[in-house]
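Please read it beside the sequence and the structure shown here.

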Amino acid sequence: MKTIDALNVYYRDLNSSIDEVVKTDKTINLKNVFGQRYIGRGLPENVKLKIYGTPGNDMAAYMDGAELEIFGNGQDAVGNTMNCGRVIVHGSCGDTLGYAMRGGEIYVEGDVGYRVGIHMKEYKEMKPIIVAGGKAGEFLGEYMAGGAIILLGLNLSKGENITGRFCGTGMHGGVIYLNGNEDKYKFGKEAVKVDITNEDILFLKKHIGFYEKTFQKDLNHLKLESFSKYAAVNKNPYSNMYCTY
Amino acid sequence: MLKEGELRIPSGCAISGIIDKESKRFCGEEIIKSIALMHDRSNGLGGGFAAYGIYPQYKDLYALHIFYDNLSVKMQTEDFISKYFEIESAGTIPTRSVPSVKNKPLIWRYFVHPKNYTVKGDIIDDDEFTSRYVIKINKEFKGVYIFSSGKNMGTFKGVGYPEDIGEFFMLDTYEAYMWTAHGRFPTNTPGWWGGAHPFTMLNWSVIHNGEISSYDANRRFVEMYGYKCTLQTDTEVITYLFDLLVRKHNIPIEKAIKVVAAPFWDDIERESKELQNELKSIRSVYASALINGPFSIILGYEKGMIALNDRIKLRSLVAAEKGNRTYVASEESAIRIICDSPDRVWSPKGGEPVIALLEGEQK
């Protein structure tokens, strides 16, 4: 295992030295990370990074199989167009987490920002997943086209809501699971509440189980059957938009 | 050269602000370190700072910071200023040579107070008097730009990366209880010294990341009250909106925030009857002061610092607190680099202000 001190290292130099190290050593600790962008971009399978500090925007962009574990908060656009692999954040994340994500998993211990999962997509077995322990900002799953978002809503203080307005606006694929029931006005007209099935319960069990284990929480009190599930009203809402006769 | 407004400027940017609510002053190194961390959010075409509490020895005088293109406009302007103001002290603003900071104008500073309080027979207070003459000079004197006009505060800005501009103006030698900083990313403009942020009027300073799509509606609105948008950039109009709402119309700052980042009509419908009435009147009376488009701004004034996002949070903003200090920045790392283990870190919601006032000040 190799340790890189990132203090005062420019993001390009930091990312090049990570590229250099992974040629021989697949496990790297990064310490003193302050805002360097694109950490983990494009990194392939079997690479493991432990990141201490506050990694910058677009962490894990286009990531292709690596595992990143962050001891601190993520900033904006974590997992931008990520292809596969796993991101674990022992903290919270900013806006546009999982932006256009194509595959892989992101687990966030705490809260996530605005526009999380914006334009996530899926294709055959490639199904991206975002699990967050706290609450999300507005526009959760905006233009979502595939994959799954699970929000646990743990430790909300009084008056706090698990999600903001405009949830699922423009959604045309994928699913959003929220712990509990939310008012209808918060959802875009393209998202609709659907019944939760046994398959959903198994899916939730699996990913919440991983969350529990990773962040060492006891979540036995969570009632999976009281989660609500939202999906797209219409899988192809714009099919007539450009070819009306 | 085409100046701002003659070209369109889509921009990304970096913003950062620190306030010590007990008014303890600290030097400019911290804010430079914070804004420098976000270097790649700017492109070297604009950087600037606002510093509050830096001129205690002249705290009752207006500090005019002025860019001049040449000596002849400087002489004309000084003649004009001395007709209407007593100049207690005048001199160049000290600078250091920084290789990347080029084409600097003449940069002068004057500590002044108005000679009288009448304009065309109207008796007005000295704030109004001073602001009218600042607007007049910026509008009518070619090659002259007053870029700071407050009391016991000043802005320092220019073309360059913000950390270089901070070095150029020797901000490590100033002490302030509140600092804000901006790194600019105009992609389609020659960039000129006056166009950098902050934009100021009297004690107001605004730094801004984003674009104001309601600019023309807002501009027409403030120009009805005697302001003149001389730069045609969106940020300038925000400064005048707050000056108008809070200084001239005496609206409490929290309501002024509801004016510029008004709640949606359907959100208002879900509020209590009383609040509905209030919010509806705000939206009706000040419809043209609603700021639309993506923005995160930091506003400085004599009472403290306010950070605000547009209603649907199209720009990033993070806040933190530690002890007496409140921090805001575009990125969390820009706070953590100067603040070890903050007591609290949070992301404000869209339209939800971070209000950090000096002790004893009222909202």
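## Contact between the chains

In this predicted model, 15 residues of chain B are in contact with 14 residues of chain A, two residues being in contact if their C-beta atoms, placed from the backbone, lie within 7 Å. On the chain B side, helix H10 (residues 332-336) of chain B supplies the largest share, four residues. Helices (H or I, at least four residues) and strands (E, at least two) are DSSP runs, numbered from the N terminus. By class, the chain B side that touches chain A has five nonpolar, four polar and six charged residues. Here Ala, Val, Leu, Ile, Met, Phe, Trp, Tyr, Cys and Pro count as nonpolar, Asp, Glu, Lys and Arg as charged, and the others, Gly among them, as polar.

Residues are numbered from 1 along each chain as its sequence is written, while chains are lettered from A and ligands numbered from 1 in the order in which they are written. As the model is predicted, local features need pLDDT of at least 70 and side-chain atom pairs count only at pLDDT 80 or more, whereas totals for chains, interfaces and linings use all residues.

## Chain A and its sheet

Chain A contains two helices and 11 strands, and its elements run β-α-β-β-β-β-β-β-β-β-β-α-β from the N terminus on. Its radius of gyration is 18 Å, close to the 18 Å that the globule rule gives for 245 residues, so chain A is as compact as a globular protein of that length. The radius is taken over C-alpha atoms, and the rule is 2.2 Å times the number of residues to the power 0.38. Along the principal axes, the C-alpha trace of chain A spans about 50 × 50 × 30 Å. Of the 245 residues, 51% count as buried; a residue is buried if 20 or more other C-beta atoms lie within 10 Å of its own, exposed if 12 or fewer, and partly exposed in between, with C-beta atoms placed from the backbone.

An open sheet of 11 strands in chain A has the order E1-E2-E3-E4-E5-E6-E7-E8-E9-E11-E10, with mixed pairing; two strands pair if DSSP finds at least two bridges between them. Strand E1 (2-5) and strand E10 (191-194) of chain A are the edge strands, each pairing on one side only. Strand E9 (residues 173-179) and strand E11 (residues 227-232) of chain A run antiparallel and are joined by five bridges. Within this pair, Ile176(A) stands opposite Tyr230(A).

## Chain B and strand E14

The secondary structure of chain B comes to 10 helices and 20 strands. The radius of gyration of chain B is 19 Å, close to the 21 Å given by the globule rule for 363 residues, so chain B is as compact as a globular protein of that length. Its C-alpha atoms fill a box of roughly 60 × 50 × 40 Å, taken along the principal axes. Of the 363 residues of chain B, 51% count as buried.

Strand E14 (residues 204-210) of chain B is largely enclosed by the rest of the structure, because seven of its seven residues are buried. Three bridges join E14(B) to strand E13 (residues 199-201) of chain B in an antiparallel arrangement, with Ser205(B) as the bridge partner of Thr200(B). The hairpin of E13(B) and E14(B) has two residues between the strands, and Leu202(B) there takes a positive phi near 50°. E14(B) also runs antiparallel to strand E15 (residues 295-301) of chain B, with six bridges between them; Val206(B) stands opposite Leu299(B) in E15(B).

## The largest nonpolar core

The largest nonpolar core has 175 residues, of which Leu151(A), Tyr177(A), Ala51(B), Leu241(B) and Ala307(B) touch the most other members. Such a core is a set of buried Ala, Val, Leu, Ile, Met, Phe, Trp, Tyr and Cys residues joined through C-beta atoms within 7 Å. Helix H6 (residues 234-248) of chain B gives the largest share of this core, seven residues. Leaving aside neighbours within four places in sequence, Leu241(B) is in contact with Asn218(B), Val222(B), Val260(B) and Ala289(B).

## Backbone exceptions

Most residues other than glycine have a negative phi, and most peptide bonds are trans. The peptide bond from His197(B) to Pro198(B) is cis, with omega near 0°, and Pro198(B) lies in the loop between strand E12 (178-186) and E13 of chain B.

Phe139(A), which is not a glycine, has a positive phi of about 65°. Phe139(A) is found in the loop between strand E7 (129-132) and strand E8 (145-151) of chain A, and counts as buried with 28 C-beta neighbours inside 10 Å. Ser341(B) has a positive phi near 30° and is placed in the loop between H10 and strand E19 (344-346) of chain B. Ser341(B) is exposed, with 8 other C-beta atoms within 10 Å.
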